[in-house]
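Please read the following note alongside the sequence and the model. It is written for a colleague who has not looked at this structure before.

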2 protein chains.
Amino acid sequence: MDMAPEEFRRAAHQAVDWMADYLATSRERPVLPAVQPGKLTDALPRHAPERGEPISEILADFERLIPPATTHWNHPRFFAYFAVSGSGPGIIGEMLTAALNVNGMLWKSGPAVTELEQVTLGWLREWLGLPPEFFGIIYDTASISTMHALAAAREMTDPEARKRGGLGDLVLYTSEQSHSSVEKGAITIGIGQQNVRRVPVDERFEMKPAALREMIEADVHAGRKPFCVVATVGTTSTTSVDPVGQIADITEQHGLWLHVDGAYAGVAAMLPEMHGLLAAASRAHSLVTNPHKWMLTPIDCSAFYTRRPDLLRQAFSLVPEYLNTAEHPRAVNLMDYGVQLGRRFRALKLWFVMRYFGREGLAETMRTHIAIAQRFAELVRGDKRFELAAPVPFSVVCFRYAGSDEENRLLIEEINARTNSFLSHTVLNGRYVVRLAVGHARTTWEDVQPVWDTMQSFADGRGAAAGR
Amino acid sequence: MDMAPEEFRRAAHQAVDWMADYLATSRERPVLPAVQPGKLTDALPRHAPERGEPISEILADFERLIPPATTHWNHPRFFAYFAVSGSGPGIIGEMLTAALNVNGMLWKSGPAVTELEQVTLGWLREWLGLPPEFFGIIYDTASISTMHALAAAREMTDPEARKRGGLGDLVLYTSEQSHSSVEKGAITIGIGQQNVRRVPVDERFEMKPAALREMIEADVHAGRKPFCVVATVGTTSTTSVDPVGQIADITEQHGLWLHVDGAYAGVAAMLPEMHGLLAAASRAHSLVTNPHKWMLTPIDCSAFYTRRPDLLRQAFSLVPEYLNTAEHPRAVNLMDYGVQLGRRFRALKLWFVMRYFGREGLAETMRTHIAIAQRFAELVRGDKRFELAAPVPFSVVCFRYAGSDEENRLLIEEINARTNSFLSHTVLNGRYVVRLAVGHARTTWEDVQPVWDTMQSFADGRGAAAGR
């Protein structure tokens, strides 16, 4: 039993109208909902319905209850974390994916899932200037991509680990500024948190290669086994870029796996003016970049590349008989390359996005975000009451009001409340820092100007109160 | 820059019409595409477009290229692996999820994502008769759910492992018939394949508790550390049900984590006539069941429950504990409970499905599938030229033509070619076995009858050739 196709048609058209209205008017919605924890829970029935309910009621409840309890990521004034976009063509791709409902475990269970994933990741690889020998696969999140990189690295250094278990002397290196997923991945695969070395960064928040080299040598000297370095192109707090070339010199010398986390910024290599961004990353063993961050693709879609798919496969492949199919040289079975046996048809939305915008359209969007961020940074630089807390290589600005942490906390509150924006914070060198992350497809300078205006009135008010 | 909302509206309406037509006519499509590996790849441009293309062309290419290269899981004659359904309300839920494009990392980044996930999993828990202390979370796949169970189990037995790494003496037990994800999860988290014990099964393909007990005692005697047992309710090959109560007696006695893999069959506990199915599983530490399998929810949606969310959190959380006190008691941060930091709004489609069909509607659909499978099994039982290869507790029938493995391979080929169905195989007791997995929302007996008819003509032809 399913919904009748004509009932589906009517209800889905109704949903599309809501979606189109939502996209057209999202700027007018509060980006942060005015809800307390538990409010939605309390508004919902305590028990599920025994009997089915009409779709019209469900859609009405959706409109009434869900958007008012939603933090609107698909909103041009969302400046928190990394701003993302569920673009029109990407949403349409997801709609078709849901209707097909394919599970691309192996080639036979989803030829189009398998091949379109290879083709679109090949296209993207070319845009980013990555070498043709990089094998691409789509996972759900960068956290999972990085965990797979670590597992392949483990396989390279300790090929018996898969069978034997028991690691304990493998050591991983990543900067103090790297994403929590690196440490979490290491914990998950049994490396142990104490074997994750946090390499210091310089004043630009970039990993210090000399410190990395010293730490590796000290571990080798102590009889431990360095196995992997994770460098970042676009760190989470400041979008700093580790010196990947110098890091690659070290990993190559010591025979370590080099993984590059370009989850946010990696895709920027498709801009001609940033074409060298991943040049050194071409020397890496693996790289992740997330089209669902800055590349207008609805979540989830994380692109993982590796020059050693053989090791990834060796680390994970386990083919049960019921999935045993005759091997064809052109039939990749994606289930062999990771933890997850099943996978959604994520390449479909990526294909829609890449074709609809083209490289130029995507590059132009990122260029616009970068220009907005640079303009904002310029304003911050020109006002002594504020300071930039980090360089601005891409579209994220870290700044502070030249006051206490508490004042900066108040500043965020005031911006978010007065301008219908959502900015979040980070901590750099022990100080509370405000982040403006520009990245939504429909963000314009007019969305950012009110943030600056509020900062001005905030500083004016403080200055007056302090008699400055 | 994004697609203009009115352009989105037009194109999305067009997509909906295609989707409604697809659902209405999918039975007429070939369930298995007539493609060779590489054909779609060769039909696609070698390079991505520099400039954007009109959405009309992309949609036209989708229609022309993708469905003919797709294995149609959303097809009433898909009988392979486990049959699944992307139902109408579930698809609409996915559409809205794509438009909102929320990332539910923490409560603040997605109150509705967080709370609706807790509410729908609470509803489902009640339907399945699971205890109220089970904490629920949605992951993408059962493989990831099970990996998280193993990591929490590791945390319970060896709380220093997270920090120290280095396992190697922890031992996991699961039956010979359990899903490959159990072993893969153990490999991933560093347990080592050699520390995964495959417990023998009886003639019904159910784990032998006595053998489990012996293996655990032998390992304890040898100084190893048993830490976890994975029991299955609905194994992948035959849907057999391990004796969870007897297994729980053993795990409780030895202080081991008990994880129940009910990925396929767990949801059947919502049928009144199967209400006891998960009664013993209530004693487990964790359980997974996938609404995206038999519960009409588009992939991906895997429901994971645990009575020890504290251990799951301890295994994965990277937020310093002192920050937790400032949290609101009702604001769960789902990122703390797993590898993935980000998550799609998967609960939305589940909410749509649970409400649209109600418990009765979902139960009735499963009941129909079970009745179809039982009727088919009855026919097999009544024909000496065929044999049932396993009991049929749910909606999957494992059977053989009473001939060679090669003849059974030919039988599948003939069924799939002649009836526009897709059946797959497994191997039981070293013999090649055909599987008929009934589970699509729109499957009726009329879809299965041709399979039986083809089996008849196959057997008639063989019998005549052999002079039987």
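Predicted model: local features only at pLDDT ≥ 70, side-chain atom pairs only at ≥ 80, totals over all residues.

1. The contact between the two chains draws on 130 residues from chain B and 128 residues from chain A. On the side of chain B that touches chain A, the largest share, 15 residues, is supplied by helix H1 (residues 5-25) of chain B. By class, that side of chain B consists of 64 nonpolar, 41 polar and 25 charged residues.

2. In chain A, an open sheet is built from five strands with mixed pairing, and their order is E1-E11-E12-E10-E9. Strand E1 (78-79) and strand E9 (386-388) of chain A are at the edges, and each has a single partner strand, so one side of each is left without a neighbour in the sheet. Three bridges link E9(A) with strand E10 (residues 396-401) of chain A in the antiparallel sense, and within E10(A) the residue opposite A:Glu387 is A:Arg400.

3. Two helices pack on this sheet of chain A. Helix H13 (residues 347-381) of chain A touches E9, E10 and strand E12 (431-437) of chain A, and its direction makes about 20° with that of E10(A). Helix H14 (residues 405-419) of chain A, for its part, touches E10, strand E11 (422-428) and E12 of chain A, with a direction at about 25° to that of E12(A).

4. Chain B contains an open sheet of five strands in the order E1-E11-E12-E10-E9, with mixed pairing, and its edge strands, which pair on one side only, are strand E1 (78-79) and strand E9 (386-388) of chain B. Strand E11 (residues 422-428) and strand E12 (residues 431-437) of chain B run antiparallel and are joined by five bridges; B:Ser424 has B:Arg435 in E12(B) as its bridge partner. Helix H14 (residues 347-381) of chain B packs on the sheet, where it touches E9, strand E10 (396-401) and E12 of chain B, while helix H15 (residues 405-419) of chain B lies across E10, E11 and E12 of chain B at about 25° to E12(B).

5. How do helices H6 and H8 of chain A pack? Helix H6 (residues 142-157) and helix H8 (residues 180-188) of chain A meet at an angle of about 50°, with their axes 9 Å apart, and they are therefore oblique to each other. Their crossing is right-handed. Among the residues that meet are A:Met147 and A:Leu150 in H6(A) and A:Val182 and A:Lys184 in H8(A), and the contact as a whole has five nonpolar, five polar and one charged residues.

6. Helix H9 (residues 209-221) and helix H10 (residues 244-254) of chain A pack at about 20° with their axes 9 Å apart, and are therefore roughly parallel to each other. The contact is made by A:Pro209, A:Leu212, A:Arg213 and A:Ile216 of H9(A) together with A:Gln246, A:Ile247, A:Ile250 and A:His254 of H10(A), which divide into five nonpolar, two polar and one charged.

7. Finally, B:Ser282 sits in the loop between strand E6 (257-261) and strand E7 (286-289) of chain B. Leaving aside neighbours within four places in sequence, B:Ser282 is in contact with B:Leu130 and B:Pro131; from B:Phe134 it is 148 residues apart in sequence and 8.6 Å apart in space, C-alpha to C-alpha.

Conventions: Residues numbered from 1 in each chain as written. Chains lettered and ligands numbered in written order. Axes fitted to C-alpha atoms, helices over the stretch in contact; angles between N-to-C directions. Helix = DSSP H or I, 4+ residues; strand = E, 2+ residues; numbered from the N terminus. Parallel < 35°, antiparallel > 145°, perpendicular 65-115°, else oblique. Left-handed = near helix turned anticlockwise from the far one by under 90°. Contact = placed C-beta atoms within 7 Å. Nonpolar A, V, L, I, M, F, W, Y, C, P; charged D, E, K, R; others polar. Pairing = 2+ DSSP bridges.
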